[in-house]
Amino acid sequence: MIRIVDPIDDLAAVAAFYADAPDYWVLADGVPPGPQKAAEFFTDTPPNCDPAESHHLGLFLEGRLSGLAELSFGFPEVGDAYLGLLMLGPWAQGVGHGRVMLNEVETRARSMGAPNLYLAVLAGNPRGRAFWDREGFADTGLGRDTVVGDRAERITRLVKPL
């Protein structure tokens, strides 16, 4: 079941999910996520996007939060949709749940009239990149280098026309 997650009612579930599935955040931030990272799920958006207009989605398997997605509107251009996060717990990976979550995100983006869905992928996440490639996302040619802990990391922007 996929549903909107609430910053008050579901904050503890998001924090528990991050504690049980820290790998992405260790890759992206260089440290395991703490309680503040769970709160930031509900407020972090790309530039010029309103967190109140974003869709914060949770995938629940047998009552357990097993995946999260954050969909914002208005970046990089007005009208575009941006997938800030799509993350599954290790127990939910490899059986099609990522595709189900992405289909929900794409449906919501289309319903808002977005012509494109953008996202960013870390070079250090080859499994993630392979997923996005399989799902029809293409490299925009835009990206940036950043430092995570003591290592350099390349972030590449991808797009999928809707």
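**Terms and the values behind them**

Modeller: Gladly! Let's start in helix α3 (residues 35–40), where K37 and E40 are three residues apart, which means about one helical turn separates them. This is a predicted model, so local features need pLDDT of at least 70 and side-chain atom pairs count only at pLDDT 80 or more, while totals for chains, interfaces and linings use all residues. Residues are numbered from 1 along each chain as its sequence is written, and side-chain values use heavy atoms, with hydrogens and water left out.

Biologist: Why is the contact of K37 with E40 called a salt bridge?

Modeller: The term asks for a side-chain nitrogen of Lys or Arg within 4 Å of a carboxyl oxygen of Asp or Glu. The closest N and O atoms of K37 and E40 are 3.7 Å apart, so the pair qualifies. There are 11 salt bridges in the structure.

Biologist: What makes K37 buried and E40 partly exposed?

Modeller: Buried means under 20% relative accessible area, exposed means over 50%, and partly exposed lies in between (1.4 Å probe, protein chains only). K37 has 16%, so it counts as buried; E40 has 24% and is therefore partly exposed.

Biologist: How do you know that R99 and E135 link distant parts of the chain?

Modeller: Their side chains meet in a salt bridge, 2.6 Å from N to O. R99 belongs to helix α4, whereas E135 sits in the loop between α5 and β6 (138–148), 36 residues apart. A helix here is a DSSP run of H or I with at least four residues, and a strand is a run of E with at least two, both numbered from the N terminus. R99 is partly exposed at 44%, and E135 is buried at 10%.

Biologist: What does the salt bridge of E106 with K160 tie together?

Modeller: The closest N and O atoms of E106 and K160 are 2.7 Å apart. E106 is in helix α4 and K160 in strand β7 (residues 151–161), so the bridge ties parts that are 54 residues apart in sequence. Both ends are buried: E106 at 5% and K160 at 14%.

Biologist: Now to the interior. What makes a set of residues a nonpolar core?

Modeller: Its members are buried Ala, Val, Leu, Ile, Met, Phe, Trp, Tyr and Cys residues joined through side-chain atoms within 4.5 Å. The largest one has 22 residues, of which L83, L102, L117 and W132 touch the most other members. At least two residues each come from β2 (55–61), β3 (64–73), β4 (81–88), α4 (97–111), β5 (116–122) and α5 (126–134). A separate core of 18 residues includes V14, Y18, A28 and L122. In soluble globular proteins, nonpolar side chains tend to be buried together.

Biologist: Which residues is W132 in contact with, leaving aside neighbours within four places in sequence?

Modeller: They are L83, L86, L102, L119, V121, F137 and L158, where contact means heavy atoms within 4.5 Å.

Biologist: Finally, why can the chain be called a compact globule?

Modeller: The radius of gyration is taken over C-alpha atoms, and the globule rule is 2.2 Å times the number of residues to the power 0.38. For 162 residues a compact globule would have a value near 15 Å, and the chain has 15 Å, so the two agree.
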